[in-house]
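Look at the model first, then read on.

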Amino acid sequence: MPSRERRDLARALLAAGVLTLGAGRPDWGRAMMAELGQLEGLRTRWVFALGCVRSIAFTMPPAGLQRVVAGGSVLAAACSAGVVAVALVRYPDLVSGARAWVSVAAFIALLVTYVVAAATFAPRVDGRRLLLNVAVAGAAIAASWMAVGLVASLGGPKPVSVMLLSLAPLVAVAIGWHATARSGSSRVGLACVGLAAVIAGYALFLLWAGEAVAAAGRPYDAGLLRDFRTSGASDLATYAVSDSLGTGMMLLLMVPLVTLAGGLVGAAAAGTTKTRPSSGEAANPGEL
């Protein structure tokens with residue numbers, strides 16, 4: 001008798017498609033997963049899984065913005081993974097021991113989390129103008145973090161770095177307030193903040209890690225050169241790229257957390273403003 005719990009790549013593919021694009025038809029997704037569990041034969045299972053994913057992606061609701069966001073997130077994740085793959089091929093000494101593979105596995109898990117988060121937040125971002133605002137906010141957050149890194153690497157004054165760094169949470173507060181006030185829903189506001197955080201994380205990693213891989217980790221600042229001399233590493237470029245990739249992966253985790261914290265403040269402020277009675281309005285009609 002066919003096993004309903006059979007697990008293979010075909011099942012993983014269908015599960016990923018249902019999770020990222022099947023929010024509008026959860027019952028259908030569960031039914032297809034159950035149907036796949038009844039099928040035997042590798043070819044039969046793959047044909048069925050691919051057909052279901054194609055239906056989710058191209059013919060079934062929800063369409064429009066959610067599909068664009070989910071597709072864009074998958075593309076960004078693929079590009080991010082591609083940057084790391086190029087680094088591993090170009091600088092083979094990056095892969096040294098089990099610790100490196102643990103880092104790669106954690107990075108892949110983080111990318112999967114990003115894809116799922118984008119697909120989860122997307123249905124609440126209703127309207128192209130709101131999505132455009134979210135994209136602009138995400139790009140601004142990424143640019144502020146990138147500017148901080150550039151100023152620090154060039155030995156710029158610390159007050160400038162602090163000022164640039166403060167822009168990221170301010171933008172997060174602004175998009176949280178704007179989305180909540182515009183939609184009248186804190187859930188929509190927080191979804192917009194979450195999506196802005198995903199966009200910022202992707203953009204920052206691609207800029208930071210992509211530039212490091214393309215330029216062999218340059219420019220080499222005094223701190224990096226000092227650390228390299230005491231590290232025992234044999235190649236400066238490999239050491240610099242490894243350091244930049246590690247920083248980029250930390251930013252993938254840190255940027256969404258900071259963005260979400262700022263967005264919560266903005267959404268809360270918008271909710272308080274909406275529910276606060278106006279100055280000419282009596283607090284209790286019975287007291288008139």
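## Aromatic pairs and helix packing

A search of the whole structure, which is a predicted model, turns up two aromatic pairs. The table lists both.

| Pair | Distance between ring centres | Angle between planes | Class |
|---|---|---|---|
| Phe-107 and Phe-205 | 5.2 Å | 35° | tilted |
| Tyr-114 and Tyr-202 | 5.0 Å | 65° | edge-to-face |

Phe-107 sits in helix α5 and Phe-205 in helix α8, 98 residues apart, so this pair links distant parts of the chain. Both Phe-107 and Phe-205 are buried. Tyr-114 belongs to helix α5 and Tyr-202 to helix α8, so this pair ties together parts 88 residues apart in sequence. Tyr-114 and Tyr-202 are buried too.

How do the two helices meet? Two packed helices are described by the angle and the distance between their axes. The axes of α5 (residues 98–121) and α8 (residues 186–214) come within 9 Å and cross at roughly 145°. The crossing of α5 past α8 is left-handed. Residues of α5 in the contact include Phe-107, Leu-111 and Tyr-114, while those of α8 include Val-198, Tyr-202 and Phe-205. By class, the contact has twelve nonpolar, two polar and no charged residues.

Now turn to helix α7. Residues 158–183 form this helix of 26 residues. From first C-alpha to last, α7 reaches 39 Å, close to the 38 Å expected at 1.5 Å a residue. Which residues of α7 are buried? Among them are Ser-161, Leu-164, Ala-168, Ala-172 and Ile-175. After α7 comes Gly-184, with a positive phi near 75°.

Notes:
Residues are numbered from 1 along each chain as its sequence is written. This is a predicted model: local features need pLDDT of at least 70, side-chain atom pairs count only at pLDDT 80 or more; totals for chains, interfaces and linings use all residues. Side-chain values use heavy atoms; hydrogens and water are left out. Axes are lines fitted to C-alpha atoms, for helices over the stretch in contact, and angles run from 0 to 180 degrees between N-to-C directions. Helices (H or I, at least four residues) and strands (E, at least two) are DSSP runs, numbered from the N terminus. A crossing is left-handed if the near helix is turned anticlockwise from the far one by less than a right angle, and right-handed if clockwise. Contact means heavy atoms within 4.5 Å. Ala, Val, Leu, Ile, Met, Phe, Trp, Tyr, Cys and Pro count as nonpolar, Asp, Glu, Lys and Arg as charged, and the others, Gly among them, as polar. The expected span of a helix is 1.5 Å times one less than its number of residues. Buried means under 20% relative accessible area, exposed over 50%, partly exposed in between (1.4 Å probe, protein chains only). Rings of Phe, Tyr and Trp (its six-membered ring) pair if their centres lie within 6.5 Å; planes under 30 degrees apart count as stacked, over 60 as edge-to-face and the rest as tilted.
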